[in-house]
Amino acid sequence: MPEEIIHSLGAVPVRLLGLSQTTENAHSKLPSWLCYYARRILEDGLKGEFNQVDGIVGMTTDDTKMHLYSAYTFYVKHGFSYLIQTPYVRDELSLNFFAEELERFAIKLSQYLSVEFDEEKLRNSVKVYNRFRRLCEELCDLRSDDAPKLSGVDWMKIMLGSTCMLKDDFNRMLEEKLEHVKDSEGIKDYMLRVHVSGTDHYDLEILSLIESLGAVIVSDDLCTATGYFAGFVSESKSPLRGLAERYLSCSSCILSSNPDSLSIEDRIAFIKKRIKKSRAKALIVLRDRGCEICGHQYPLIIEALRNFPVLILDVDIPISVEQYATRIEAFIESHAR
Ligand code: SF4
């Protein structure tokens with residue numbers, strides 16, 4: 001989601017994350033096989049948890065997000081709504097279309113907010129977001145140390161904080177955090193360095209369980225964490241063109257691809273790069289039972305990683321962590337350093 005556009009118009013971009021542990025209301029409005037990420041958002045929306053939100057913006061990145069957008073805008077009425085049409089191929093035609101689509105979105109939102117869309121302000125917002133990405137990369141690098149300076153749980157808390165604050169303020173907090181963490185001792189008493197893979201996972205319970213059983217999470221490719229900030233927007237091009245390129249080409253974007261390749265190849269390359277950098281020795285997959293992307297992609301990802309140790313955990317709500325404990329413990333012990 002090109003948050004920079006919303007930021008440049010003086011609004012605060014907030015990512016909706018549902019916290020409900022049951023989704024009985026959403027069940028009657030959405031197909032029950034949809035991912036729990038989508039069901040929880042609708043559930044919280046129906047319960048009025050997002051009443052402070054003025055508008056909703058979705059993207060056509062996968063079928064579930066389109067289903068969610070339709071149901072959400074139908075049942076939960078906010079003042080503004082827009083579904084950004086997202087191409088799947090990164091050729092010139094698609095990039096031009098996407099840059100124009102982003103402009104349409106910017107104009108619609110500016111009319112709703114009664115402010116003028118200004119390219120200079122957007123340029124400034126791009127800088128703020130790139131600063132955020134640079135700080136996140138710096139902080140994330142500290143997880144690669146022999147004694148990682150941040151646990152996976154702390155990392156996810158930071159990422160979650162970034163989804164609901166103005167990035168100008170958040171960047172200041174990140175700078176302070178970086179100073180504070182840089183010289184800390186780090187985590188030394190662990191048995192296994194782990195990369196966590198998945199899509200829109202953000203619950204702390206399973207991450208916490210993994211680390212309490214002796215592993216340390218040193219990297220991830222979750223859309224809610226490393227997949228969220230990875231990839232910069234060019235500051236030398238027109239901001240809309242720069243945004244179109246970044247949001248179609250960042251390797252965490254799981255469905256768009258170059259004309260001569262598949263999106264899964266990008267995703268595998270992204271995961272391998274993160275594993276290499278963090279020196280993770282095993283992979284734990286948090287697979288949302290209803291996620292079509294997880295269903296299609298993981299057999300190919302695991303095949304590409306060949307003999308790398310992998311543990312797949314199927315996740316659904318309500319999350320009951322006890323059911324995973326024995327498998328995680330056995331996995332960590334079998335691959336401990
Ligand atoms: S990527 Fe998977 S988890 Fe995320 S919205 Fe789509 S189906 Fe749901």
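User: What makes the four strands 4-3-5-6 an open sheet in this predicted model?

Analyst: Look at the ends of the row. The strands come in the order 4-3-5-6, with parallel pairing. Strand 4 (215–220) and strand 6 (310–315) sit at the edges with a single partner strand each, so one side of each has no neighbour in the sheet. From one strand to the next, the twist averages 30 degrees.

User: How do you know that strand 5 and strand 6 are paired?

Analyst: Count the bridges. Pairing takes at least two bridges between the strands, and 6 bridges join strand 5 (residues 282–288) to strand 6. The two run parallel. If you want one to look at, Val-285 has Ile-312 in strand 6 as its bridge partner.

User: Which helices lie across strand 6?

Analyst: Helix 13 lies across strand 3 (192–198), strand 5 and strand 6, and runs at about 165 degrees to strand 5. Helix 14 (residues 322–334) lies across strand 3, strand 4 and strand 6, at about 170 degrees to strand 6.

User: And strands 1 and 2, what makes them a pair?

Analyst: Again it's the bridges: at least two are needed, and strand 1 (residues 55–59) and strand 2 (residues 80–84) have 5, in the parallel sense. Met-59, for example, stands opposite Ile-84 in strand 2. The chain gets from strand 1 to strand 2 through helix 4, and this β-α-β crossover is right-handed.

User: Which helices supply at least two residues of the shell around the ligand?

Analyst: Helix 3 (36–46), helix 4 (63–75) and helix 13 (292–304) each do. The residues surrounding the ligand include Tyr-37, Ala-38, Thr-64, Lys-65, Glu-292 and Ile-293. By class, the shell has 5 nonpolar, 2 polar and 5 charged residues.

User: Why is helix 11 called largely enclosed?

Analyst: A residue needs 20 or more other C-beta atoms within 10 Å to be buried. In helix 11 (residues 239–249), 8 of the 11 residues are buried, so the rest of the structure largely encloses this helix. Among the buried ones are Pro-239, Leu-243, Arg-246 and Tyr-247. Their cover includes helix 1 (3–8), helix 5 (92–113) and helix 6 (119–141).

User: Ser-261: buried or exposed, and how do you know?

Analyst: The cut-off for exposed is 12 or fewer neighbours. Ser-261 has 11 C-beta neighbours inside 10 Å, so it counts as exposed. You'll find Ser-261 in the loop between helix 11 and helix 12 (263–278). Its C-alpha atom is separated by 9.5 Å from that of Val-89, although the two are 172 residues apart along the chain.

User: What makes the phi of Ser-114 worth a look?

Analyst: Most residues other than glycine have a negative phi. Ser-114 has a positive one, near 55 degrees. This serine is in the loop between helix 5 and helix 6, and with 6 C-beta neighbours inside 10 Å it counts as exposed.

User: How do you know that the peptide bond from Ile-317 to Pro-318 is cis?

Analyst: Check omega, which is near 0 degrees there. Most peptide bonds are trans. Pro-318 is in the loop between strand 6 and helix 14.

How values were computed
Residues numbered from 1 in each chain as written. Predicted model: local features only at pLDDT ≥ 70, side-chain atom pairs only at ≥ 80, totals over all residues. Near = placed C-beta within 6 Å. Nonpolar A, V, L, I, M, F, W, Y, C, P; charged D, E, K, R; others polar. Axes fitted to C-alpha atoms, helices over the stretch in contact; angles between N-to-C directions. Contact = placed C-beta atoms within 7 Å. Right-handed = clockwise from strand over helix to strand, strands pointing away.
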